[in-house]
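Please read the points below with the structure open beside you, and look up each residue as it is named.

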Amino acid sequence: MKRIYFDNAATTSIDPVVLESMMPYLTEKFGNPSSIYSYGRETRMAIENARKSVAKILNAHPGEIFFTSGGTESTNTVINAAVHDLDCKRIITSPLEHHATLHCAEHLAKTGEAAVDYVKVLPNGHIDLNDLERLLQQSKEKCLVTLMHANNEIGNITDIEAVGNLCKKYSAIFHSDTVQTVGHFPFDIRKLPVHFITGAGHKFHGPKGVGILYINENIKIHPFINGGSQERNMRAGTENIYGIVGFAKALEIATENHERDSKYISGIKNYLREKLVEKIPDVHFNGDYNGKSLYTVLSVAFPKTEKSEMLLFNMDIHNICASGGSACTSGAESGSHVIRAITSNPNQITVRFSFSKYNTKQEVDEVVEQLQEMI
């Protein structure tokens, strides 16, 4: 049986066209972009063209786009800079955030550099905006609000315009982890009240090890990584040229085909949901799966039985790739902090299925058939 890959929120396969765009920079165009001879200028040009392309797609200025190693580095850069450079002594976040956010905030709380507050979460997995306003209102210190645009485990989408407007009202700095939405939704940064957003190439068929950080032009921060003047003095270290070229190409393709691909992927998600309801008794879904939710993610709660306890393991044996909650903690089966925050039901086994343009309904049929036997 061929492998069925339903874990695209963890990472995606690289688009062949993206790989093709990267190849020259892995072979003959190998100059250091900081060198002044033509070899170096050629790669410098590639980076700046990629920056312009990304900026145009997000409707930002090229000067606001910085290339990093991925979402985790971008998020760590923002949170540390907000505390050390922008005088935010309080961080408001949620228990549903990616560990890149939570662990960084916890570290700053431990060292006594910032206090951390967690906004309440509604039973459907959305952020309680009234509670966010209460926290902002009560704070005597300047706040950094860091809330993700879409949750990587349950797929819920937060209204970042509403959050941004609250931040504006209380003069807070606003960072949104948009790793699950850049490359999957159209962005108009000019119209969003946000100071920082982040992206990662491998979430939309680009290469791993490359991401972006958007920093609003009115914000001035110091670099997180020191040692050179790369990325306009914002990030030391020789640039990942082929990664940067690949990121821009992947974003270009995703944007061009957004309407077609999102419709197709939504169809796969809904088809799996219908099939599960039809074939598996007592199946439930986490989060706002039918409302404000990613079209790429379906978080499924299966009834806990002796058989289903080994569900992920059995799926793996049958060549089905999915994850229990978030893949960024795979290997450490401590369960998911996101699922714990929205439900305390011990009689459910959660599996996250996440889809891409390369998945098919036939794969869904095969997976549901296997699941029936396993459960």
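1. A residue counts as exposed when its relative accessible area is over 50%, and as buried when that area is under 20%. Asp282, with a relative accessible area of 58%, is therefore exposed. Please keep in mind throughout that this is a predicted model.

2. Asp282 sits in the loop between α9 (258-279) and β9 (284-285), and its phi is near 60°, a positive value in a residue other than glycine. Most residues other than glycine have a negative phi.

3. Turning to the helices, α2 (residues 38-58) packs against α8 (residues 241-256) at an angle of about 30°, and their axes are 9 Å apart. That angle makes α2 roughly parallel to α8, because angles under 35 degrees count as roughly parallel. The crossing of these two helices, α2 and α8, is left-handed. Among the residues that meet here are Ala46, Ala50 and Val54 in α2, and Val245, Phe247 and Leu251 in α8. By class, the contact of α2 with α8 has 11 nonpolar, 3 polar and 1 charged residues.

4. Helix α8 has a contact with α1 as well, where the two axes come within 8 Å and cross at roughly 155°. The helices α1 and α8 are therefore roughly antiparallel to each other, and their crossing is right-handed. Contributors to this contact include Val18, Met22 and Tyr25 of α1, together with Tyr242, Gly246 and Ile253 of α8. The residues of the contact of α1 with α8 divide into 10 nonpolar, 3 polar and 1 charged.

5. How many residues does the largest nonpolar core have? This core has 45 residues, and Val54, Phe67, Val145 and Phe247 are among those with the most contacts inside it. Elements giving two or more residues to this core include α1, α2, β5 (143-146) and α8, and the largest share, 8 residues, comes from α8.

6. A second, separate core has 27 residues, including Tyr271, Phe285, Val300 and Phe353.

Note on methods
Residues are numbered from 1 along each chain as its sequence is written. This is a predicted model: local features need pLDDT of at least 70, side-chain atom pairs count only at pLDDT 80 or more; totals for chains, interfaces and linings use all residues. Side-chain values use heavy atoms; hydrogens and water are left out. Axes are lines fitted to C-alpha atoms, for helices over the stretch in contact, and angles run from 0 to 180 degrees between N-to-C directions. Helices (H or I, at least four residues) and strands (E, at least two) are DSSP runs, numbered from the N terminus. Angles under 35 degrees count as roughly parallel, over 145 as roughly antiparallel, 65 to 115 as roughly perpendicular and the rest as oblique. A crossing is left-handed if the near helix is turned anticlockwise from the far one by less than a right angle, and right-handed if clockwise. Contact means heavy atoms within 4.5 Å. Ala, Val, Leu, Ile, Met, Phe, Trp, Tyr, Cys and Pro count as nonpolar, Asp, Glu, Lys and Arg as charged, and the others, Gly among them, as polar. A nonpolar core is a set of buried Ala, Val, Leu, Ile, Met, Phe, Trp, Tyr and Cys residues joined through side-chain atoms within 4.5 Å. Buried means under 20% relative accessible area, exposed over 50%, partly exposed in between (1.4 Å probe, protein chains only).
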